[in-house]
Amino acid sequence: MCVKRYNINLKVNFNSVESICKFISIYQVLGLPKDMQLSRKELVYYSNIVYLWNKKLSLSDEDLLHNLPKIDGISKSNRGIYIYKSKLLKKNWLVKGKSGFDIPNILKNNRSDTELILTIKNETI
């Protein structure tokens, strides 16, 4: 029996919506419960929210209305922003605190880059 190891390195740049989206996608695949997993639209919306949060912008409905880019399939009206924010709160991707909304620490731009390293062991006979 031979065990092969594969390493996947992903550096996350929290100043890039695409990088944030990839990181969250991989994080979800690693075993999040179904009720916490994000749909494609929710993932794109949330990645933009994380990007804005890391740019020190408020996540109030009014600020999101002005700062979010156009996202296919999501209305940029207050109603669309409210609906998706509500979905993220229910799935625990956003937390409402006394001073506004917050995101998990792993998604905060505390460092210039975060590196995710996965080691996959593949057993063959």
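Predicted model: local features only at pLDDT ≥ 70, side-chain atom pairs only at ≥ 80, totals over all residues.
Buried here means under 20% relative accessible area, exposed means over 50%, and partly exposed is anything in between (1.4 Å probe, protein chains only).

Residues are numbered from 1 along each chain as its sequence is written, and side-chain values use heavy atoms, with hydrogens and water left out.

**Stop one: Tyr45 and Tyr84**

Select Tyr45 and Tyr84; both are buried. A pair of aromatic rings is described by the distance of the centres and the angle of the planes. Rings of Phe, Tyr and Trp (its six-membered ring) pair if their centres lie within 6.5 Å, with planes under 30 degrees apart called stacked, over 60 edge-to-face, and the rest tilted. The whole structure has four aromatic pairs. One of them is Phe14 with Phe23, an edge-to-face pair at 6.4 Å centre to centre and 70° between the planes. Phe14 is buried at 1% relative accessible area, and Phe23 is buried too, at 3%. Back at Tyr45 and Tyr84, the pair is tilted, with 5.6 Å between centres and 45° between the planes. Tyr45 sits in helix H2 and Tyr84 in helix H4, so this pair links parts of the chain 39 residues apart (helices are DSSP runs of H or I with at least four residues, strands are E runs of at least two, and both are numbered from the N terminus).

Then show Tyr27, Tyr46 and Trp93, which make up one aromatic cluster.

**Stop two: the salt bridges**

How many salt bridges does the structure hold? There are three, counting a side-chain nitrogen of Lys or Arg within 4 Å of a carboxyl oxygen of Asp or Glu.

Start with Lys91 and Glu42, whose closest N and O atoms are 2.8 Å apart. Lys91 is in the loop between helix H4 (78-90) and strand E2 (95-97), while Glu42 is in helix H2 (residues 40-54), so the bridge ties together parts 49 residues apart in sequence. Lys91 is buried at 18% relative accessible area, and Glu42 is buried at 5%.

Next, pick Asp61 and Lys85, bridged at 2.8 Å, N to O. Asp61 belongs to helix H3 (residues 61-67) and Lys85 to helix H4, so parts 24 residues apart in sequence are tied together. Asp61 is partly exposed at 26%, whereas Lys85 is buried at 4%.

Finish with Lys108 and Asp102, at 3.1 Å from N to O. Lys108 is buried, with 12% relative accessibility, and Asp102 is partly exposed at 28%.

**Stop three: Ser47**

Go back to helix H2 and select Ser47. Is Ser47 buried or exposed? At 0% relative accessibility, Ser47 is buried. Its side chain reaches the backbone oxygen of Leu43 at 2.8 Å, a polar contact (N or O atoms within 3.5 Å; within protein, one must be able to donate a hydrogen and the other to accept it, and residues adjacent in sequence count only if both atoms are side-chain atoms). Show the neighbours as well: leaving out residues up to four places away in sequence, Ser47 touches Val17, Ile20, Cys21 and Ile24, where contact means heavy atoms within 4.5 Å.
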